Amino acid sequence: MHRLLSISLGCVLLGTASLSAQKAKPEPADSFYTIGKLMMPNGVAPEIGGLGVMPDGRIAACFHHGQVALYQPKDKTWKTFAEGLHEPLGLLVEDEHSMLVMQRPELTRLRDTDGDGVCDSYETLWDGFGMSGNYHEFAFGPVRAPDGSVVVSLNLASQGDTIFKEVRGQFSDIGVPRAEFYDNWKKVGKDVGRMYSRVPYRGWVVKIDPATGAAVPWACGFRSPDGIGFDAAGNLLVDDNQGDWRGTSELFVVKKDGFYGHPASLVWRKNWDGRVPLQVPVADLEKLRTPAAVWFPHGHFANSPTQIVQIPSSKAWGPFAGQTIVGEMNSPKILRVLLEEVGGVWQGATLNWLQSETLKRGVHRFAFANDVLYVGRTHLSWAGSEGIGTITPTGKVPFDVLDMKITPKGFRFTFTEPLDETSGGAELWAGEHYTYNYHKEYGSPQIAKDEIEVAKVTLSADRKTAEIEMPEWTLNHVYEFRLDNLKADSGRLLLNPRIAYTVRKLAQ
């Protein structure tokens, strides 16, 4: 009898434990955001190079094979606006009859001059950059700057192929004469670097006057800067992909005349001294460069970051309104970045905003309209997907990290709802810190890795804020926290428990 009772109680306890384990799982992202999709227009390759919103609410999209089409959400129909463009990778709506599109050879203004809904004017606004014919010379943008100018970015060429015998623009013979590109490519390909800049302004960000087409080369040192945008304070943000001179993918706060790490584009810098960029000592490059504000740890944050946009200041987006998000090509996710300026140096954190298999990979371009986020996907023969998805907030707010800032003693975390009373335990704030090599090789492992030691945790009166104190710091390290065991007062677990802060300067 007692044995049977013990077995019965064991079953009950096991069932209770199972229920508890089930309740301990984080809620799925789909419960906070409804993810849908649009039907694509017939006859197009549904890889999205750019998205925009027309004044009347229609969605403008440019496609890999050169079409621009307008989607009417009211009746779910598409209408072709323009055709014949060359690999457009960005779109900016100007007004109800005009938009700018960045295609491979130029920034083009498309206009509907007679009001019939179809483009009848293709005007070159700016084409003052070089083209060598290398397959990897992509062109991204434009985005609108606070001063009304527009910003574009230009990809480097790839060692995977040579150049055409006919090029556009000045050619740089620094290090490798032009003839050797054709006569001895297999021999000298390694000498030009994994990614190279032989024509202007490859590896640069450029600002352009949309009225005159006058352009100013703004900053250099980029590799594959697919994502450009502005934060709520008007700072120019540019992200770049892991590769040579990129230990991991990075995000920069960009200033005029800055150099951001990849040396290939230095040959187009005013008054460059003629040195071969790949032969410049790393110590000299370190003196020139501005390090990334945020490192995206490779593998579990971003492998290939894309467009940068602000979440609209709307009640629909809850506490995240006004924050900055970044797309990711290789996995089905969108990230948030939390930036701050400390003593004149930009740094900050990254964490997932939304991760769901329903979202699909290849998140490339964004457009917010009427509290819906339109997501354009691409793959360009690499990792990714196709089509346009939609993300609509359900009104339910996740338990998540809302903000993270550095303090003189550690970090201050702010949450979307109160933590439970046990959250002051230092053992719940686990993590590790590490850094990356800055070198010409492709990528870098996480090096100088060590566990984060937390000495003390102080919760605010409302338990929405936690300040952690650490006995020591290491500059130029990522501090990545794994907060899987934190709970809200309601018992909920964090939707996104991993967050990584790049420390460049200590708070005073």
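Asn370 sits in the loop that joins strand S24 (363-369) to strand S25 (372-377), and in this predicted model the residue has a phi near 50 degrees, a positive value although Asn370 is not a glycine.

**Backbone geometry**

- Most residues other than glycine have a negative phi, and most peptide bonds are trans.
- Asn370, with its positive phi, is exposed, its relative accessible area being 71%.
- Arg463 also has a positive phi, of about 60 degrees, without being a glycine, and it is placed in the loop between strand S31 (456-459) and strand S32 (465-469).
- With a relative accessible area of 22%, Arg463 counts as partly exposed.
- The peptide bond from Gly141 to Pro142 is cis, with omega near 0 degrees, and Pro142 belongs to strand S10, which spans residues 139-144.
- A cis peptide bond also runs from Pro200 to Tyr201, with omega near -15 degrees; Tyr201 lies in the loop between strand S13 (195-196) and strand S14 (204-208).

**Overall form and contacts**

- The radius of gyration of the protein chain is 25 Å, which agrees with the value near 23 Å that a compact globule of 508 residues would have.
- Taken along the principal axes, the box filled by the C-alpha atoms of the protein chain is roughly 90 × 60 × 45 Å.
- Among contacts in the protein chain with a separation of 6 or more, 61% are made by residues 24 or more positions apart.

**Burial, surface and charge**

- The protein chain exposes about 21400 Å², of which carbon and sulfur atoms supply 50%.

**Cysteines**

- The search of the whole structure for disulfides finds 0.
- For Cys62, the closest cysteine sulfur is that of Cys119, and because the two sulfur atoms are 13 Å apart they are too far from each other for a bond, given that a disulfide requires cysteine sulfur atoms within 2.5 Å.
- Cys62 is buried, with a relative accessible area of 0%, and Cys220 likewise counts as buried, at 1% relative accessibility.

Note on methods:
Residues are numbered from 1 along each chain as its sequence is written. This is a predicted model: local features need pLDDT of at least 70, side-chain atom pairs count only at pLDDT 80 or more; totals for chains, interfaces and linings use all residues. Side-chain values use heavy atoms; hydrogens and water are left out. The radius of gyration is taken over C-alpha atoms; the globule rule is 2.2 Å times the number of residues to the power 0.38. Contact means heavy atoms within 4.5 Å. Accessible areas come from the Shrake-Rupley method with a 1.4 Å probe; for residues, only the protein chains shown count as cover. Buried means under 20% relative accessible area, exposed over 50%, partly exposed in between (1.4 Å probe, protein chains only). Helices (H or I, at least four residues) and strands (E, at least two) are DSSP runs, numbered from the N terminus.
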